[in-house]
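Please look over the sequence and the model shown here before reading the briefing that follows.

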Amino acid sequence: YNSYLLHQDLFRSVVTSSTPTFFTFETSAICNMKCNMCVVDPKLKRYDLSRIKTSDKVDYLYDQLMPNATKLQLHATGEVLTGKDFWKALDKAKVISQKRPLEIEIFTNGQLLNDENINKILSSPLTDVVISMDAASAKTYSHIRGGDFSNLCNNVRKFIQKNAESGNIRIALGMVLMRENIEELVDFVRLASSLG
């Protein structure tokens with residue numbers, strides 16, 4: 001019954017009295033990691049680089065929806081730094097942010113925060129970056145996310161330092177609490193402090 005109601009809402013015509021001001025754009029459903037708590041079904045081939053091609057939609061969505069936007073999230077299920085659509089969306093948002101205030105936020109797993117990407121981010125209109133870490137130790141991080149914890153910490157430290165020197169981005173570290181990591185919560189706060 002809930003599914004029926006959902007489909008009734010999804011497929012009926014709706015006329016709004018005003019345009020939305022808060023948008024979430026999926027700029028990449030591609031990811032460089034395989035986290036055990038990810039909501040994306042592996043059968044959807046989220047790692048297939050040829051699967052997601054949205055460049056043609058970025059222009060359309062921005063032209064139609066952005067004139068009244070006050071907040072923009074450029075993330076959903078994938079890693080934003082894997083795709084060119086993210087950078088294209090940022091370039092289009094930059095034009096708007098130069099005319100009026102616009103909050104722009106991303107979530108990233110931080111593995112791709114190399115020097116080139118950090119510099120591009122710092123020269124962009126991004127206002128908020130949340131780095132999903134989910135652990136305070138290499139062992140737990142490897143179990144949950146399967147990535148390189150040392151690389152992540154080095155990237156985060158470098159990003160925070162460069163932002164302090166030449167940026168104005170609000171940076172946060174994220175931790176999805178679960179049985180595998182909840183005992184590291186206090187250590188996670190300590191880690192965040194040590195990273196700056």
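**Parallel strands and a helix crossing**

Strand β2 (residues 71-73) and strand β3 (residues 103-108) run parallel and are joined by three bridges, where strands pair if DSSP finds at least two bridges between them. Strands (E, at least two residues) and helices (H or I, at least four) are DSSP runs, numbered from the N terminus. The model is predicted, with local features needing pLDDT of at least 70 and side-chain atom pairs counting only at pLDDT 80 or more, while totals for chains, interfaces and linings use all residues. Residues are numbered from 1 along each chain as its sequence is written, and side-chain values use heavy atoms, with hydrogens and water left out.

- Q73 stands opposite E105 in β3, and the chain passes from β2 through helix α3 (residues 84-97) to β3 in a right-handed β-α-β crossover (with the strands pointing away from the viewer, the path from the first strand over the helix to the second runs clockwise).
- β3 is also joined to strand β4 (residues 128-132) by four bridges, and these two strands run parallel, with V129 in β4 as the bridge partner of I106.
- A right-handed β-α-β unit is made by β3, α4 and β4.

**Helix α4 against helix α6**

- The axes of α4 (residues 115-122) and α6 (residues 149-166) come within 10 Å and cross at roughly 35°, the axes being lines fitted to C-alpha atoms over the stretch in contact and angles running from 0 to 180 degrees between N-to-C directions.
- The contact (heavy atoms within 4.5 Å) involves residues of α4 including I118 and L122, and residues of α6 including F159 and K162.
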